[in-house]
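Hi,

Here is the structure I promised to pass on.

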Amino acid sequence: LQSNGCCIRPGFAEETTEPEEETMIKIAGNSYLVSPSLPDFHGCSPGWSSAFYGAECFNSEVHSYMKNLGKQKSSESQNIDAKKVELEQLLMMETKNYRKTIKFYQKLLQKERSSKGPETKSMLPKLRGQLQEMKSKVQFLELVKKYMQAKQWGVESCVLPTIIHNGRTDTVDVAPTDEPSLLLYYNTEKHQCNNQNGIRVLQAGTPLGLMAYLYSRNAFLEGYVQQFLYTFRYFCTQEEFLQFLLDRISSTLSSASLDPSTSLTKICNRSFYILQAWIEDCYSVDFATNTDLLCTLKEFISSKVAPLNGYGERLLLLLEDVSARKSGSAHQYSSMDRCEEEGEEDRKTLHSLCKKLSEDVSRKASLHIFFLQNFNWKLCKGMEPIAQYQRERLYTMSSVLPKPCYNSFTEEFPVSFAKADEVGPYLLIEYSAQQLCCQLTLLQQEVFHKCHPVHFLNSRALGVKDKCVAVQKAVSTEAVSLKVCNLFLSKCIQDQYLLQLLRNADSISTWVAAEIVTCHTSKLQVSLLSKFLLIAKCCYEQRNFATAMQILAGLENLIVRQLPAWKILPAKVAEIMEELKAVEVFLKSDSLCLMEGERFKTLPTIPSAHVLAMHVQQLETGGFTMTNGAHKWTKLRNIAKVVSQVHAFQENPYTYTPDFKLQSYLRQRITHFKDADISALAADNCANFHQIPAEKHSRKIQDALRRMKATFQ
């Protein structure tokens, strides 16, 4: 098995190779260093774009570029190894240029802030354009590399029945199985992207057939592998899937040769490829929650793979790596080497910089246009952009303080804002809506980035219903009754992080309602109502739909809606309530409404967890199997496409400067009111009731007495 001796990604350092593992081969008249023992498995997870776009992920430009790679003359034949080497060299060169340009831009930016160089103002716009071009070029080369990896190690569909029997120990007792009994296809017109003549699209399959299709030649190109990793729990358990992969590795590992064209080598390498992709993408939901599954995998790698193949050691390192990083992030990035970790940090920095370049100018305008096109709203213009607040707070003491980690809003935390209860809601009035929006968004981002697309599947079994109020506050992490509406297999372990996400949302809504009803004067109530409405408006304009919908739920509380303060609320502020309701209708209208256009790729987004769960439940409605027992892959593919947007949004984090003092205050207030009884709180406050003036009240009594006296005369 041949691979390049280095792994180059945007922002990645060059990998050093062991001298004893290096060898020289001749490709197109040139000599290249390769590793004879390890396949080229670096970042095997296809990613959310594969599940979302499917075959359209690789457009015609990628196909034509791939054809021309490795050809120095038009008459030369194509060579996959030459293509790999040329692509790695291009990636390395473009990445170095990209990083140098970023550093140069940072220096110019500092000069502009210190007003030391007026000429820098004319250079910055040109440099921004160059950065965007270089970023696009690096991303395109990454896509070509992913396409090249996806084409490797697949077999033709006629070999798939052999794969099923290849790993079985009881093949003597099993009758021969043909492909039509395992998988069902339907015919379509010729695909425009890849110009393939084989026009068969997978429609349904048995559990074994669907697992075997992972080895199909086009499984990665079609997005099938990533879609399978999201949805396989509907028809098989994690243990069954792992055993299927391990059986294929066991039966082919000792026989796999260095010739990549043999079927055994393809099956063996594709098994490793799928296994690594599973670990990279779903470790937090499958292996971290199931110690038996993890032990089975580690034992197999140590005893069966490591003695025969050096790739076993790399798999063990990968398991250690994702396990160590699990507590820091829910979205696991595929990384097997420390150089890749540094690369990920650099890539986040580059992405954040490029995002900041355009957010000051375009974010506000694009979001206004976006909602105006969908709802024909007339939005208020009295709010200044958040970017200005960020520029003012760019260099503060809080920006250099270590960031504390909290699992949820309601978790215990160190008290840095000592007497939040004594301060009460008055601090909310002092801060602007933009400042509060920034910090609430960062708090929401913490819990959102810990979730996984799989968390939104089978939510009915967790008790999640159509109404937000149906999510009980008393729900604990104890086992929930799964006898009714459980769509996963009975032995399939399901992580219940979605419940924690929804409880956090419920806590925010309760806090909003409680802060308002505990105000002792109508004037303060009007101020808080206005502040929360402006915060919600600011949130949805910044695409933080989660916090916006949580505030809306708090304002729509039955007690809050009956407050007399609504009658004296300024008309322009009161209109925001209708805007929020229109946003809610928009979010509920289409499961992929936030993925339309290109904005979600450049602007950070946090979706409403409850709305997304309801969309998935809608797709889960109806049977998953056909009359012959085959599972409907078209249904599972649509579910995978919808939940893939979770990872898409997590790739674009908000880069606001955290204000830990304000965050601590907000956490304490939310925790203080998380289990509050709004009606009981409202009953203790006379400002929550319609007051009849004393003079008017006494006049009514006198009129009643006068009428009564007249009846006796």
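Is the crossing of H17 and H19 left-handed or right-handed? Keep in mind that this is a predicted model. The answer is that H17 and H19 cross in a right-handed way.

A bit more on that helix pair. H17 covers residues 497-517 and H19 covers residues 545-555. Their axes are 7 Å apart, and the two helices pack at an angle of about 45°. Because angles between 35 and 65 degrees fall in the oblique class, H17 is oblique to H19.

As for who touches whom, the H17 side contributes Ala-505, Ile-508, Ser-509, Val-512, Ala-513 and Ile-516. These meet Gln-550, Ile-551, Ala-553, Gly-554 and Leu-555 in H19. Sorted by class, the contact has eight nonpolar residues, three polar ones and no charged ones.

The other thing I looked at is a sheet. Three strands make it up, in the order S4-S5-S6, and the sheet is open with antiparallel pairing. S4 (183-187) and S6 (631-632) are the edge strands, each pairing on one side only. Between S4 and S5 (residues 200-205), which run antiparallel, there are five bridges. If you want a spot to start from when you trace the pairing, Asn-187 stands opposite Arg-200 in S5.

There is a helix to go with that sheet, too: H24 (residues 633-643) lies across S4, S5 and S6. Relative to S5, H24 runs at about 100°.

Cheers

Methods. Residues numbered from 1 in each chain as written. Predicted model: local features only at pLDDT ≥ 70, side-chain atom pairs only at ≥ 80, totals over all residues. Heavy atoms only, no water. Axes fitted to C-alpha atoms, helices over the stretch in contact; angles between N-to-C directions. Helix = DSSP H or I, 4+ residues; strand = E, 2+ residues; numbered from the N terminus. Parallel < 35°, antiparallel > 145°, perpendicular 65-115°, else oblique. Left-handed = near helix turned anticlockwise from the far one by under 90°. Contact = heavy atoms within 4.5 Å. Nonpolar A, V, L, I, M, F, W, Y, C, P; charged D, E, K, R; others polar. Pairing = 2+ DSSP bridges.
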